[in-house]
Amino acid sequence: NPRDKFYQADKQHFDNPANTLILSFIWFPEFDSVLYYARRFIQFIREYFDWDNGLILARFVSAAINLKLKNSNGNKKNDLIQAMLNARQGDSNFKLTHNEIVSNGVFIYLAGYETTSTALAFVMHFLVNYPDIQNKVHEELLEHFDGKFDYETMSKLTYLQCVIYETLRYYPPFTTFATRGVEEDFHYKHVTIPKNAVVRVTTYQ
């Protein structure tokens with residue numbers, strides 16, 4: 001339904017390019033102390049008039065959580081929200097509040113959609129171009145697969161994890177937050193990086 005609020009908020013989030021204000025934080029992170037107030041003011045206006053896409057998506061995630069809790073005695077789908085709810089209801093020390101589950105759900109949905117699909121595409125690229133590695137991954141899957149493919153099985157696939165990590169090293173799907181703070185003056189040849197500077201390093205080689 002093109003008039004559905006969830007569809008509209010989702011489409012607007014992924015279709016809109018980064019605006020100048022967002023890019024200014026990337027280009028000049030040292031100005032964040034000044035631009036922070038402008039960013040908070042714009043966020044307040046968007047939330048007040050219900051224009052914030054994240055807030056709209058959060059309401060849908062919250063409704064999904066309440067629906068799961070209401071139908072807790074029925075069939076439970078094995079998804080991310082249910083996993084967080086199970087952790088909260090169990091004996092584990094890892095217990096999330098309702099707002100934390102909503103925040104994690106929205107964040108993973110918005111930040112993990114294209115990044116995950118891009119990373120998986122590059123994993124397939126490596127496996128196709130390196131048959132020897134593909135065979136090792138296949139052998140490991142056959143060794144540990146016992147009829148069900150769950151988190152416990154995935155945790156045993158150490159070689160597959162190495163392939164994924166190496167793929168992310170070669171082709172990281174997202175590089176914006178690869179920054180480091182300088183604790184003391186650093187000198188390299190004719191370049192001096194002053195203390196307290198913010199260094200943004202490209203992860204592509």
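From the N terminus on, the elements of this protein run α-α-α-α-α-α-α-α-α-α-β-β-β-β, which comes to 10 helices and 4 strands. Helices (H or I, at least four residues) and strands (E, at least two) are DSSP runs, numbered from the N terminus.

Please note that this is a predicted model, in which local features need pLDDT of at least 70 and side-chain atom pairs count only at pLDDT 80 or more, while totals for chains, interfaces and linings use all residues. Residues are numbered from 1 along each chain as its sequence is written, and side-chain values use heavy atoms, with hydrogens and water left out.

The term pLDDT denotes the predictor's confidence in each residue, from 0 to 100. Its mean for the protein is 81, and 85% of the residues reach 70 or more. Confidence is lowest in helix 2 (residues 20-27), at a mean of 67, and highest in helix 8 (residues 131-144), at 94. Where pLDDT is low, the predicted coordinates should not be read in detail.

Let us turn to burial. Of the 205 residues, 20% count as buried, that is, under 20% relative accessible area with a 1.4 Å probe, protein chains only.

Which residues of helix 6 are buried? They are Ile101, Val102, Gly105, Val106 and Leu110. These residues cover an arc of only 150 degrees around the axis, which puts them on the same side of helix 6; the arc is that of the directions from the helix axis to the C-beta atoms. The buried residues of helix 6 pack against helix 1 (5-15), helix 4 (53-70), helix 5 (80-89) and helix 7 (113-129).

I close with the spaces in the model. On a 1 Å grid over the protein atoms alone, a cavity is a set of points where a 1.4 Å probe fits but cannot get out, and a pocket is an open set with protein on both sides within 12 Å along at least five of seven lines; lining residues have an atom within 4 Å of a point. A volume is the space filled by probe spheres set on the points, which are joined across faces, edges and corners.

The structure holds 1 cavity of 30 Å³ or more. The largest cavity has about 40 Å³ of space, and helix 5 gives the largest share of its lining, 3 residues.

The second largest pocket has a volume of about 630 Å³. Its lining has 16 residues, of which Leu80, Thr116, Tyr151, Met154 and Ile164 lie nearest its centre.

Terms used:
Buried < 20%, exposed > 50% of the residue type's maximum accessible area, 1.4 Å probe, protein only. Contact = heavy atoms within 4.5 Å.
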